[in-house]
Amino acid sequence: DRWHRANNISLEQGIFELQHVQTLFQHAYLIVRGDTECPYSLATQHLSDPTPRRLGTNNNSDDTNTSPQMHRITTPQQLQAVLLAMNERHSSCNFWYSNVNHE
């Protein structure tokens, strides 16, 4: 899982490090693929982004239910909740940090 790939750091240390990274940027996002390793439910259950950005589509195509989505993470608590859920489910999702708003 994510923490074993990162030289076996603890979940608590991983959460601390990613929350620190979040403070270095203006915007943080969770990218969900909608597959078994990174289901949409991770975002819908733990984040409050009402309009996630669909990646790889023109936002009008018919494949919006299967395309990756980028959900905004607004608080350290949301990031922690996502990371705890990912650890519990052995999920592997990606994060995107930026000083540019990607909504």
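## Exercises on a disulfide and an arginine

Cys38 is buried, with a relative accessible area of 0%. The model you are looking at is predicted. Let's work through it together.

**Exercise 1. Find what Cys38 is bonded to, and describe the link.**

*Solution.* 
- Step 1: Start with the search. Across the whole structure, one disulfide turns up.
- Step 2: Identify the partners. Cys38 is joined to Cys93, with an S to S distance of 2.0 Å. The cut-off for a disulfide is 2.5 Å between the cysteine sulfur atoms, so this pair qualifies.
- Step 3: Cys38 sits in the loop between strand S1 (27–32) and helix H3 (40–46), while Cys93 sits in the loop between helix H4 (76–89) and strand S4 (94–98), so the pair ties together parts that are 55 residues apart in sequence.
- Step 4: Look at the geometry. The angle about the S-S bond is 120 degrees, and the link of Cys38 and Cys93 is right-handed.
- Step 5: A disulfide is a covalent bond between the sulfur atoms of two cysteines.

**Exercise 2. Decide whether Cys93 is buried or exposed.**

*Solution.* 
- Step 1: Take the value for Cys93, which is 0% relative accessibility.
- Step 2: Compare it with the cut-off. Buried means under 20%, so Cys93 counts as buried.
- Step 3: Return to the partner. Cys38 also has a relative accessible area of 0% and is buried.

**Exercise 3. Describe the surroundings of Arg89.**

*Solution.* 
- Step 1: Locate the residue. Arg89 belongs to helix H4.
- Step 2: List the contacts. Leaving out residues up to four places away in sequence, Arg89 touches Pro39, Ser41, Leu42 and Gln45.
- Step 3: Pick out the polar contact. The side chains of Arg89 and Gln45 make one at 2.7 Å.
- Step 4: Arg89 and Thr36 are 53 residues apart in sequence, and their C-alpha atoms are 9.6 Å apart.

**Exercise 4. Sketch the chain as a whole: how many helices and strands are there, and in what order do the elements run?**

*Solution.* 
- Step 1: Count the elements. The chain has four helices and four strands.
- Step 2: Order them. From the N terminus on, they read α-α-β-α-β-β-α-β.
- Step 3: Consider burial. Of the 103 residues in the chain, 38% are buried.
- Step 4: Consider contacts. Among those with a separation of 6 or more, 72% are between residues 24 or more positions apart.

Terms used
Residues are numbered from 1 along each chain as its sequence is written. This is a predicted model: local features need pLDDT of at least 70, side-chain atom pairs count only at pLDDT 80 or more; totals for chains, interfaces and linings use all residues. Side-chain values use heavy atoms; hydrogens and water are left out. Helices (H or I, at least four residues) and strands (E, at least two) are DSSP runs, numbered from the N terminus. Buried means under 20% relative accessible area, exposed over 50%, partly exposed in between (1.4 Å probe, protein chains only). Contact means heavy atoms within 4.5 Å. A polar contact is a pair of N or O atoms within 3.5 Å; within protein, one must be able to donate a hydrogen and the other to accept it, and residues adjacent in sequence count only if both atoms are side-chain atoms.
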